[in-house]
Amino acid sequence: MASRLNPYISFTGTAQQALDFYQEVFGGEAVVNTFAQYGEAPPGFADKIMHGMLETPAGFTLMAADVPPGMDHTPGSAISISLSGDDEAELRGYWEKLAARGTVSVPLERQMWGDVFGMCTDEFGVVWMVNISDRPS
């Protein structure tokens, strides 16, 4: 297997719901392992996600987990996930689903550099940037 770089997103008890949502947005198959599957779970964490991974038909991979007790969690403060390309229909479809129950900080519209760009924070506190190029990749 070649090396890969994947976003790994931490949640406070909503990793399963987030992976389900991202599966609705991007398609694909999600595989999850709970804390209980790996032995003794922290109190209240038996059914929480220790590791989850969504692999999509477009080749995206998102990983996610619930933060166990004692670990800090500050959603969206240090990372954004960027989706870019020239397939306008596909990227607009992702945008509409990600922004539907989230907050739009930059509307998806033509920008000064010529591309269509938007930025939103989804309902789970994850920041997404979508850039649609009018130049084929």
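This is a predicted model: local features need pLDDT of at least 70, side-chain atom pairs count only at pLDDT 80 or more; totals for chains, interfaces and linings use all residues.
**Strand pairing and helix packing in the model**

Ile81 has Trp128 as its bridge partner in S8. As for S8 itself (residues 127–132), 5 of its 6 residues are buried, so the rest of the structure largely encloses this strand.

Then there is the open sheet. It is built from 4 strands in the order S1-S4-S3-S2, and its pairing is mixed. Strand S1 (8–11) and strand S2 (29–34) sit at the edges, each pairing on one side only. With direction ignored, neighbouring strands in this sheet are turned against each other by 15° on average. Inside the sheet, strand S3 (residues 49–55) and strand S4 (residues 61–66) pair up in the antiparallel sense, over 4 bridges. Met53 stands opposite Met63 of S4 in this pairing. Helix H1 packs on the sheet and touches S1, S2, S3 and S4. The direction of H1 makes about 0° with that of S3.

H1 also packs against another helix. Helix H1 (residues 15–26) and helix H2 (residues 88–100) meet at an angle of about 150°, and their axes are 9 Å apart. Angles over 145 degrees count as roughly antiparallel, and H1 and H2 are therefore roughly antiparallel to each other. The crossing of H1 past H2 is right-handed. On the H1 side, the contact is made by Phe21, Tyr22, Glu24, Val25 and Phe26, while H2 brings in Tyr94, Lys97 and Leu98. Sorted by class, this contact of H1 with H2 has 6 nonpolar and 2 charged residues, and no polar ones.

How values were computed. Residues are numbered from 1 along each chain as its sequence is written. Side-chain values use heavy atoms; hydrogens and water are left out. Buried means under 20% relative accessible area, exposed over 50%, partly exposed in between (1.4 Å probe, protein chains only). Helices (H or I, at least four residues) and strands (E, at least two) are DSSP runs, numbered from the N terminus. Two strands pair if DSSP finds at least two bridges between them. Axes are lines fitted to C-alpha atoms, for helices over the stretch in contact, and angles run from 0 to 180 degrees between N-to-C directions. Angles under 35 degrees count as roughly parallel, over 145 as roughly antiparallel, 65 to 115 as roughly perpendicular and the rest as oblique. A crossing is left-handed if the near helix is turned anticlockwise from the far one by less than a right angle, and right-handed if clockwise. Contact means heavy atoms within 4.5 Å. Ala, Val, Leu, Ile, Met, Phe, Trp, Tyr, Cys and Pro count as nonpolar, Asp, Glu, Lys and Arg as charged, and the others, Gly among them, as polar.
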